[in-house]
Amino acid sequence: MTAAGGSRHPLREKADRLTLIDRWRHFVLDQPVLVDAGETIWIEDGQLLVQRIDGRLDLYPGSMNRCR
């Protein structure tokens with residue numbers, strides 16, 4: 001994944017390939033999420049948001065885990 005531009009959400013990343021994720025940074029998802037190349041992901045208000053290629057915004061619940 002590559003960093004996406006925009007100062008409003010500096011922690012956004014754009015997927016560079018089809019990816020099945022179960023965590024992003026310290027955020028652990030309740031269930032795995034499929035993210036396609038070109039889609040943007042970020043965390044906001046305790047949820048993972050995925051901006052899909054078609055413009056749709058999907059929200060996925062999870063929790064922060066600071067332990068490694």
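Colleague: Glu39, buried or exposed?
Modeller: Glu39 is buried, at a relative accessible area of 6%; buried means under 20%, exposed over 50% and partly exposed in between (1.4 Å probe, protein chains only). This is a predicted model, where local features need pLDDT of at least 70, side-chain atom pairs count only at pLDDT 80 or more, and totals for chains, interfaces and linings use all residues. Residues are numbered from 1 along each chain as its sequence is written, and side-chain values use heavy atoms, with hydrogens and water left out.
Colleague: Which side chain meets Glu39 in a salt bridge?
Modeller: Arg52, at 2.8 Å, N to O. A salt bridge here is a side-chain nitrogen of Lys or Arg within 4 Å of a carboxyl oxygen of Asp or Glu.
Colleague: And how buried is Arg52?
Modeller: Arg52 has 9% relative accessibility, so it counts as buried.
Colleague: Changing topic: what does Val33 touch?
Modeller: Leaving out residues up to four places away in sequence, Val33 touches Thr19, Leu20, Ile21, Val50, Arg52 and Tyr60. Contact means heavy atoms within 4.5 Å.
Colleague: How many salt bridges does the structure hold?
Modeller: Six.
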